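Here are a few friendly notes to read alongside the structure. Keep the viewer open and find each place as you go.

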Amino acid sequence: MTVTRRLLLISVALSAACCLWVGAALAQAGPRVRNLRSGDTLRYPLALLIGEADATDGEPLTVVRRADGHEPRNLTTQVLGKRFKALVELVPGANHLTLSAAGQSTELDLRYEPQTNPYYVRLIYYTDESRNTDYQTEIEGDPQDYAAKLDTAAKLMQTFTAETLNDQGYGRKTFSLELDEQQRVKMHVVRGEHPVEHYRATGADALYPEIHEHLNRTMPDPFAKNVVLMAFTRWDPEQKRGLAHAALGGGDMALFGTPDLFTWPSLIEQVQAAFTDERRVDPTRSFDDSAGRSAYWSQVATQLGATLHETGHCFSLPHSPDPFCIMSRGFDHLNRMFTLVEPPHAHRAEAYAFPDKEIAHFSVAARLAYNRWFQLDRREYQDAPAAEVQTDFAAGTIVLTSQHGMRVVGINGGDVSREDDVFKDDPPKRLGYRIADLSRRGGGKGVSLVVIDAEGNETHIGAEQLTDPQQFVRAWRFAAEAVDWPSKDRFVEVSPERIAELTNQLSAREPDTSPGAFIDLIPRYPGGTDNRATYALCTLRCDGERKATLYTGSDDALRVWLNGRLVVEKLVLRPAGPDQDSTPITLKAGDNQLLVEVSNGGGGWGFYVRLEGEDGTPLFGGVGMAETVLAVDQTRFTLNVEPTFLYGISYYGALGASDETIRADLDDMQRHGLNWVRVWATWSAFDNDVSAVDADGNARPEFLARLKALVADCNARGMVVDVTLSRGDGAAGPPRLGTHEAHARAVETIVTELKPLRNWYVDLSNERNIRDPRYTSFEELRDLRERVRGLDPDRLVTASQGGDIDAEELRRYVQEVGVDFITPHRPRDSESPSQTEAKTREYLSRMAALGRVVPVHYQEPFRRDYGAWHPTAQDFLTDYRGALAGGAAGWCLHNGSSRSADDGRPRRSFDLRDGRLFDQLDGQEREAITLIDKP
């Protein structure tokens, strides 16, 4: 095709795309710059002029820059479709520009004031130990002018960023470059510590940390973002792969190879020619790194765009769903910011006059506009977290609190930016969101946030912080040692026999529960974690066969076997995130063995696992299955078939505690060997109604959700929960469940909601024998027991008794009501501790005579500050040991509000708004915990 023919096609295409833009200008004379006005000041040296000119297609447009003390500088471009784009390099101070086309001229005055921002982008050209700076080239006599090419490239990226931020209303903000007195970008040539053979034999994922460590050690600078280009990158045509090539960015370094640096322009005057160079890359000599387009111009576009893409990651930008964003494959089109027409390439025979909407840009420009690296001038900053985070998973909300006010709340879904909430005027110091809304705006699962405050501080709120940990599988049995992962190109070799062996070995180990959704493997293998693989096992119990979706995420490679069958296989190098993979599976009735293999190439190491049913409801930790199963075996409790003494603590007002309080208390309980807590589903002490059901037995959604969350958390930890109901007002709060019908409705509500979890039992009626509004007859208890059996036949049931149980009462509990264990609240006096062993033996002997023996569980013994007697730590220890010696199945360190104080403080387990339980226990209670040996 002739040049004339091509220009004609270009003209037609441009006219179709741009007629509205040009139409009003046709009657005017002289070139007209539309994106800048005379008198404007720029804070970067390379000005992009976009405008119109009354000239024929292909006619030259010349820009002459004049400035005091400098030689004039000329640049020539072409007018196409009455439009032009021109680049001119400014010098500090006043710059007078003359634009000429078709015999007409226009004058434009611009001022360039260099930035004073100390935060800057630093260019590094990294060589091997020989300091050889040569790059691979197809050009005969190539001058190897890497410094000039990188100077031009850096200024193009700087100008591109300024224009795209300006287009989105943030002004021409951009990053600062390190310039010398001649306004050239300072090029730091850094000699590596190894020969070239080492670098070319090393993969990108290993090159990045190695080079980063070297630079951090030898030239640290907290104000610098390092853009590193490797001189020793080469294309191996036999292997058809790039050697020592990388495209990685994040933190303070972007790393990129130089497979086609020879195509890059060395001068600003060469930019237009470089972006229209149709020569084809020789695949026997060079790497086609341009999405298969294979032209010199496309190499420049893609590689400059990709370098800016990786630099964007250094500014905390994730990938983008916008196809023309630099943070997506939009980096292939960086050229379009500076040109009007895209030349042909290997997949398109004709030139393409692209519309403005297809020009590359940054789609989340606000995150750059309020970043410290984009503030143009020096200022003093106040360092602080951009936001403090409070989550309430029961309520489904998150609250962000900022000392300096929030400018941007960026919403990401997975590794992709989705939306920004931007506050240009008065930055709010407090914002609340519904987590479900954030998830929707983030495109589904794995939503995360980045917050930038008015001081340029950033806080990253990971997906794990916005994901309820109780929905994840957190109790795992881990391999004692990790194994080598010799090659990232393939998994560790394992046979089916080895998988069966691993499953058996890990089944014998004790489970360990993570406090969060992410299972962090780094602390478990202190001997070294790079290039290692390990295994973890969990047992999922299902009440029947059911289809489910297994959601996984990993750092790095992942395999998962369900009952010996491989169901997930991801040979990847990636940071971990929730729900990166989804896999349909079928769970069998009973035990299901889930074996996970996670291989680590370097850096972080860990995984996420959760399951959902076909209707999208969480299975583990929410609905459908349980890992901790409480049962009764004659006079003992069992947890997952193992005989277990229930050693616990009163936690009555737990439904009024924050998630953080509960997690911290449960952590302390586990640390001290406690495996059981007692919680009331009807609790309203101190005018703080946190009951899971109302006076009529109907659900109170917020607090019922909290109860479910607590039981699920304990389930994951291998702990048991006593869920207690009380009729009437008892000792605290307004009257509730005043009728048997309301009481029955409450039982049905609780059992129905918590049915999928097997780590809890129900106390149908606390101290049911007391002749006040708490009183519940044996006939009523029997009816309640039958209702539970109808809803959940395997649910363990008791009804607690105030004081010791006499022979007739014992018969009625065991034979008439059919409780699964008895729960006497022994007398609270100084003689009680010494009597517990004998009393326990008496109960067991009497039940043997009745022909039905059930466990004896002391779920509420004496406590301090109840009456005249104040038990000591030694009294608690004596009572505990007496329960063990007599054959009891469980015992509780009972605690509660101080009756002797005017305001009832300390309130301990009764009211957890003032602080967590373990901070409210007194000295004697703390000492008792340290004295009691774990059974």
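Predicted model: local features only at pLDDT ≥ 70, side-chain atom pairs only at ≥ 80, totals over all residues.

1. Where does N117 sit? Look in the loop between β8 (104-112) and β9 (120-127). Is N117 buried or exposed? Its relative accessibility is 5%, and buried means under 20%, so N117 counts as buried.

2. Next, the largest nonpolar core, which has 87 residues. Within this core, L49 and Y125 touch the most other members. Helix α2 (residues 146-167) gives the most to the core, namely nine residues. A separate core of 81 residues lies apart from this one, and includes Y651, A799, F862 and I932.

3. L49 deserves a look of its own. Not counting residues up to four places away in sequence, L49 touches, among others, V33, L36, V63, F84, L97, L108 and L110. N35 and K85 are also on the list.

4. Helix α10 (residues 659-671) packs with helix α11 (residues 701-717) at an angle of about 30°, and their axes are 12 Å apart. Their crossing is right-handed. On the α10 side the contact is made by I662, R663, L666, D667 and Q670, and on the α11 side by L710, D713, C714 and R717. Sorted by kind, the residues of this contact are four nonpolar, one polar and four charged.

How values were computed. Residues numbered from 1 in each chain as written. Heavy atoms only, no water. Helix = DSSP H or I, 4+ residues; strand = E, 2+ residues; numbered from the N terminus. Buried < 20%, exposed > 50% of the residue type's maximum accessible area, 1.4 Å probe, protein only. Core = buried A, V, L, I, M, F, W, Y, C linked by side-chain atoms within 4.5 Å. Contact = heavy atoms within 4.5 Å. Axes fitted to C-alpha atoms, helices over the stretch in contact; angles between N-to-C directions. Left-handed = near helix turned anticlockwise from the far one by under 90°. Nonpolar A, V, L, I, M, F, W, Y, C, P; charged D, E, K, R; others polar.
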